[in-house]
Amino acid sequence: NALSGVELSVLKGEFVALIGASGCGKTTLLNVIAGLVPAEGGTVTVRSNPPAAGRGDICYILARDALLPWRSVLGNVEYGLELSGVGREERKRRAMLYVEKVGLQAYRDFYPSKLSQGMRQRVSLARAFAVGREIYLMDEPFSALDSQTKLLLHDQLLGLWESSGATVVFVTHDIGEAITLADRVVVMSKHGTGAVEEIAVDLPRPRSAGGLQADTRYHDLYRRTWAALRAS
């Protein structure tokens with residue numbers, strides 16, 4: 001069994017990070033919320049309705065950027081809008097706006113093969129937030145990046161999320177990442193039996209990933225989260 005004993009509510013507009021050992025059910029929980037894996041027991045509701053694959057109010061961001069190699073940066077950001085039925089002129093305008101938000105306007109005509117991994121993930125973020133979903137499910141989107149690039153992407157994600165008003169459920173193995181981004185960190189049991197602790201991140205917003213490194217409250221939360229992980 002996976003996720004037996006999980007009891008979790010996520011508020012509208014909240015950013016919740018799930019952290020725990022590999023195999024504890026973090027990604028499975030995202031897949032249940034997205035309607036990709038049926039729950040064999042218990043009750044799951046998403047905005048008062050049962051989960052269903054292909055819902056128009058959910059965006060799922062994978063660990064891999066999943067860019068289309070034959071499309072440029074701008075073309076990739078337009079793709080989600082195109083699938084959503086947005087007209088050509090409007091989707092180009094909105095795609096360009098989000099390309100600028102992630103600082104890639106000079107690379108808008110580049111293909112993914114010419115981009116660094118960090119730049120590819122910025123395109124992925126722009127594509128996701130351009131479509132304007134109510135809920136974002138993120139499965140370790142920054143796991144392949146170096147520490148410096150991660151910090152830059154954290155700031156960009158925070159900027160996109162704060163202006164969107166969306167709800168985010170974010171899976172990570174990185175304690176610092178969880179505390180930097182989230183309103184609440186949920187520490188999952190390594191046995192797949194649910195949450196062992198929920199830690200409120202009472203750090204003020206807006207946040208700077210780099211600025212938090214000098215904040216003693218950040219380090220206190222880091223130690224508390226690490227202790228909960230060890231106890232799990």
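Colleague: Which strands do the five bridges join in this predicted model?
Modeller: In this predicted model, the five bridges link strand E3, residues 135–139, to strand E4, residues 167–172. Strands E3 and E4 run parallel.

Colleague: What stands opposite Tyr136?
Modeller: Tyr136 faces Val168, a residue in E4.

Colleague: Which helix packs on the sheet and touches E2 and E3?
Modeller: That is helix H4, residues 117–130. The direction of H4 makes about 170° with that of E2.

Colleague: Going back to the sheet, in what order do the six strands come?
Modeller: The order is E2-E3-E4-E1-E5-E6, and the sheet is open, with mixed pairing.

Colleague: Which are the edge strands, then?
Modeller: Strand E2 (58–61) and strand E6 (195–200) are the edge strands, and each of them pairs on one side only.

Colleague: And by how many degrees are neighbouring strands turned against each other?
Modeller: On average, neighbouring strands of this sheet are turned by 15° against each other, direction ignored.

Colleague: What does helix H7 lie across?
Modeller: Helix H7, residues 216–231, lies across strand E1 (15–19), strand E5 (184–188) and E6. Relative to E6, helix H7 runs at about 175°.

Colleague: A change of topic: how many disulfides are there?
Modeller: The count comes to zero, where a disulfide would need a pair of cysteine sulfur atoms within 2.5 Å.

Colleague: Is Cys24 buried or exposed?
Modeller: Cys24 is buried, because its relative accessible area is 1% and buried means under 20%.

Colleague: And Cys59, buried or exposed?
Modeller: Cys59 has a relative accessibility of 13%, so Cys59 also counts as buried.

Methods
Residues are numbered from 1 along each chain as its sequence is written. This is a predicted model: local features need pLDDT of at least 70, side-chain atom pairs count only at pLDDT 80 or more; totals for chains, interfaces and linings use all residues. Side-chain values use heavy atoms; hydrogens and water are left out. Two strands pair if DSSP finds at least two bridges between them. Helices (H or I, at least four residues) and strands (E, at least two) are DSSP runs, numbered from the N terminus. Axes are lines fitted to C-alpha atoms, for helices over the stretch in contact, and angles run from 0 to 180 degrees between N-to-C directions. Contact means heavy atoms within 4.5 Å. Buried means under 20% relative accessible area, exposed over 50%, partly exposed in between (1.4 Å probe, protein chains only).
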